[in-house]
Amino acid sequence: MNYIRTLSITLVLASFLLAGCGENMFKNQAESTSEEAQKEDAKIALDTGDYVQAITILEKMCGDTDTAVTALTCDKDTKVDLASAYIAEATGLDVLKLIAEAESTTASKPKTVYSVSTSASVNFTKISKLLNVDKISECITQLNAGTECRMKTRLTRAINILDSLLSDTPVTASISSEDKNLYLQLGIASAVDLVISVGVVSGGFCPSDYLPKTIPTSDPYNMVADINRDLGTIEKGIVNSGILTNFPDIDISNVIDKIKDQLDTSNDGIINLTELTAYITSLITTSPHCS
Amino acid sequence: MDYKKRIWIYGLILLGLLGFFGTVEVHAGEFPTLYKGIRPLGMGNAFTTVADDENALFYNPAGLNDVKGFGGVEIINPTLEVSQTGLDISKDFQDIDTDNVTEVTDLLGEYIGKRFSLRTSVFPNIIFHNFGLGVLGQGSVSGEIRNRVNPNVAVDLKTDVGGIIGFAHDFWDQKLQAGIAIKFIQRNRFQQTYYAIDIADADFDPTSDFNDNKKTGSGITGDIGLKFNPSLPLRPSIGAVLQNIGDLDLKDAGKIPQQLNVGISVHPDFWIFRNTLALDMVDVTKNIEEEEDTYKRIHMGAEIKLPYILSLRVGSNQGYTTYGATVDLWIIKVAYAYYKEELGVYAGQKEDARHVIQAAIGF
């Protein structure tokens, strides 16, 4: 029975050798194209911060930016993931960065204190300092060239998706935690878009203080329309999240609410170019504010 | 953000990451099982036709027929399982300045999407030829933060207490073996997903949530197992076990579905070494519908037993390498296993590495 002994030794050694493989041995064979598998791949991409990959996967499942929000073919959870990916890819913002930005202190960017100020410029820069000035400039360049501003397109898409998922008039007592969180996300995304829109119409932000560069005399890219939409979704998001009444320590929500009040001085929920110009004038005393 | 709230937020995230809030159950992910023995885990969890010790009560009661005479008693055998991620973040937190928000958020960012888990169990038992009895006490905890853009913390806490009894019999001089096991389990479970807005709430109190939302349930079910052992070189064995007949329904605390597992093994012994090579496929009928992938159901393992003292194991659990060892000093037995569990939808999508250690006192 020598062959039995030889076979035995071979089998046992082979099994121990094969076990040394590091990767999953079935990785290239496993079923990775199912809807559930794709959803999980997208979630993993969101976890690791690979937002481009997340958008690629999720747009295949839901529909791309040419598909109307009402015609997206995926479920709510997947739409929420898509909105998250759009927001993060457009602005580079995520919650950990928000916390770090709020708490960090450097010579050029003093610690951000999220308390509401009577100064419009102080409140405005609490949001604008979270953004990448170069991305705003790139957006303006794209618009001047007659192409879409990718940042604005994606952020608008995210806001529209979240807006479509959330009721305009929810029953307050029955809003789930998940939906409250989505309302808050809608409010914050809208506030960020509002600030970006102000930046676009003003020719960008000054890198030294994150305030608008110029006081606009026209609105060639119709940022007033975006700002009016944002005023509505800020109100919807912040109010229905309950954050103003139930969470007094979340000062960023109060800051957003104050920016809205300081912009919409007539308090009618609509602004025009005159009100926008007046608001930007309150932010900067001279135009151009920087070279 | 005031200091107190910041402490709460970081504390919750840290505790979630360290697994102090519970085990997470996601739609696809970890296969639902009641108990995983350390010896099977070291060999890829391929144990349907290998079970010849106390693990037979969970893997295939027909294996009780392979126990010779008095198989042994384990008076106390605590097992501790901890995820590699839990070990890593514990170490990393010691290396940073926890008052520096940037360092803390950078560190937390590295662990988003990774699961932190902890499991402890004791299973005192007594095993004879054709009979086995054991009492199970088990607690498991894990947590996971997902989506760095819009984070949520999913937590799940589980405790199981119960008993299991098994019987076996053989036919045609052990060419066919059959066994049955009956198990009763009572479970307490707490599952919750927290969003940023929950954590920011001034009234946020996870302890109160636990007391209010904990679910309790108990259930009884059985397993039926078979093994066929033809008289051939290398002593092959072919087996099947129907686990959790009719489902182990724990009412509000969840359910462990019925599943049919099959396996095959051979014993290429030589010289003083007693060896086993095994291959299993679990839930062959795909009764666990949310688990679509066939490769997640495949387990392979090998064991080398040196006389008396040392056993070495290696395997492949759902495609991931496993290894383990046992040092048997008669009254005291110490065992270790390392394995990875698939948390994703398909094999290779999302791994979770775990270390398991057990010390058993018995004879």
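Modeller: The side chains of Glu89(A) and Arg154(A) are joined by a polar contact of 2.8 Å, a term that stands for a pair of N or O atoms within 3.5 Å, where within protein one atom must be able to donate a hydrogen and the other to accept it, and where residues adjacent in sequence count only if both atoms are side-chain atoms. The model is predicted, with local features needing pLDDT of at least 70 and side-chain atom pairs counted only at pLDDT 80 or more, while totals for chains, interfaces and linings use all residues. Residues are numbered from 1 along each chain as its sequence is written, chains are lettered from A and ligands numbered from 1 in the order in which they are written, and side-chain values use heavy atoms, with hydrogens and water left out.

Glu89(A) belongs to helix α4 of chain A, residues 76–91; helices here are DSSP runs of H or I with at least four residues, strands are runs of E with at least two, and both are numbered from the N terminus. Glu89(A) counts as buried because its relative accessibility is 17%, and buried means under 20% relative accessible area, exposed over 50% and partly exposed in between, with a 1.4 Å probe and protein chains only. Leaving out residues up to four places away in sequence, Glu89(A) touches Tyr51(A), Val52(A), Ile55(A), Lys135(A), Arg150(A) and Arg154(A), contact being heavy atoms within 4.5 Å.

Helix α8 of chain A, residues 150–165, packs against helix α10, residues 223–241, at an angle of about 35° and with the axes 11 Å apart; the axes are lines fitted to C-alpha atoms, for helices over the stretch in contact, and angles run from 0 to 180 degrees between N-to-C directions. The crossing of α8(A) and α10(A) is left-handed, in the sense that the near helix is turned anticlockwise from the far one by less than a right angle, clockwise being right-handed. At this packing, Lys152(A), Thr156(A), Ile159(A), Asn160(A) and Asp163(A) from α8(A) meet residues of α10(A) that include Met223(A), Asp226(A), Arg229(A) and Asp230(A). An α-helix has 3.6 residues a turn, so residues three or four places apart point the same way.

Apart from neighbours within four places in sequence, Thr67(A) is in contact with Leu72(A) and Arg157(A). Asn222(A), in the loop between α9 (177–201) and α10 of chain A, has a phi near 55°, a positive value in a residue other than glycine, and counts as partly exposed because its relative accessibility is 45%. Glu138(A), in helix α7 of chain A, residues 133–144, is likewise partly exposed, at 46% relative accessibility. The C-alpha atom of Glu138(A) is separated by 17 Å from that of Thr214(A), which lies 76 residues away along the chain.

Towards the end of the chain, Asn267(A) is placed in the loop between α12 (251–263) and α13 of chain A, where its phi is near 55°, again positive in a residue other than glycine; with a relative accessible area of 61%, Asn267(A) is exposed. At the start of α13(A), a side-chain oxygen of Asn272(A) reaches to within 3.1 Å of the backbone nitrogen of Thr274(A). Among the buried residues of α13(A), residues 273–283, are Leu276(A), Tyr279(A), Ile280(A) and Leu283(A).

For the chain as a whole, the secondary structure of chain A comes to 13 helices and zero strands. Of its 291 residues, 52% count as buried, and residues 24 or more positions apart account for 70% of the contacts in chain A with a separation of 6 or more. Chain A exposes about 13,000 Å², of which carbon and sulfur atoms supply 54%; such areas come from the Shrake-Rupley method with a 1.4 Å probe, and for residues only the protein chains shown count as cover.
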